[in-house]
Amino acid sequence: MASELPITRNPASAETAEAVRCAVRLATQMGSSRLARIEDAAGLYTLLSDPAVHAPIYTLPRPLTERSVEDFIETHLLEREVGIGLLFLREGEGGQILGYSDVQVWPEFGAGELGGALHPSLHGQGSGARGAAESFGWMFEALGLGLICETASLDNVATQRLLDGLGFRRMGEVTSLRSDGTSRASLVWEMTRSEWEGRHRKD
Ligand SMILES: CC(C)(COP(=O)(O)OP(=O)(O)OC[C@H]1O[C@@H](n2cnc3c(N)ncnc32)[C@H](O)[C@@H]1OP(=O)(O)O)[C@@H](O)C(=O)NCCC(=O)NCCS
């Protein structure tokens, strides 16, 4: 997660920050996705090893190996214990991993970020936008976040259209650091909970 994020930094009260950490520690499911387990390393590596999946994502391990994916899962299990991160997997009927969601939160700002990807066989059919909308709704409601901050690389048109389409506000550009120390330019978007509810609440 880039240290320049989120762009909007309204300090949360100590109670709000602790409530967010607590909600993260207790989370087990996000929609139809479940928490990743160490035993998922091989299946998740298979999904991530396709460049159509990993190339646009700066938060994935580099080099990408089954071992580094196992470390990635373990790091998220530790982040869940501390209340700052969650890794969810979407499984197909035969147990194939069809997608992942990486939730990172900044409890001190009551803010969070969602990253992730779908299996290439599912790209471009509206699944990403539907799943992202459900996940953002869950992050505001179940985690009690007041702000979601998102990034996309300059050439990731699908993610840009997805975020614009859900009503996120463009907040400029930052430099995102990858785990191997290389960097890339990222566009940034934000959305507050009240903006989300005004736009997406189903009465
Ligand atoms: C990003 C991702 C989750 C989007 O999911 P998706 O199911 O492919 O996207 P959708 O079909 O819901 O489409 C979302 C928008 O992107 C557009 N889009 C989809 N694929 C596109 C492509 N290849 N080129 C340009 N636009 C595209 C759609 O038309 C739609 O925009 P619209 O509503 O304005 O028409 C998916 O493509 C993915 O996993 N990509 C690889 C990893 C990644 O980029 N992750 C996000 C960065 S963290």
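Across which strands does helix 2 lie? In this predicted model, local features need pLDDT of at least 70 and side-chain atom pairs count only at pLDDT 80 or more, while totals for chains, interfaces and linings use all residues. Residues are numbered from 1 along each chain as its sequence is written.

Helix 2 lies across strand 3 and strand 4 (97-106), and runs at about 95 degrees to strand 4. Here helices (H or I, at least four residues) and strands (E, at least two) are DSSP runs, numbered from the N terminus. Angles run from 0 to 180 degrees between N-to-C directions, and axes are lines fitted to C-alpha atoms, for helices over the stretch in contact. Contact between two residues means that their C-beta atoms, placed from the backbone, lie within 7 Å. Helix 6 packs on the sheet as well, touching strand 6 (147-153) and strand 8 (183-192).

The sheet itself is open, with 8 strands in the order 1-2-3-4-5-6-8-7 and mixed pairing; two strands pair if DSSP finds at least two bridges between them. Strand 1 (29-30) and strand 7 (169-177) stand at the edges with a single partner strand each, so one side of each has no neighbour in the sheet. Strand 2 (residues 33-35) pairs with strand 3 (residues 85-91) in the antiparallel sense over 2 bridges, and Arg 34 stands opposite Leu 89 in strand 3.

Helix 2 (residues 41-48) also meets helix 4 (residues 66-82): their axes come within 9 Å and cross at roughly 110 degrees. The two helices, helix 2 and helix 4, are therefore roughly perpendicular (angles under 35 degrees count as roughly parallel, over 145 as roughly antiparallel, 65 to 115 as roughly perpendicular and the rest as oblique). Ala 41, Ala 42, Leu 44, Tyr 45 and Leu 48 in helix 2 face Glu 66, Val 69, Glu 70 and Ile 73 in helix 4 across this contact.
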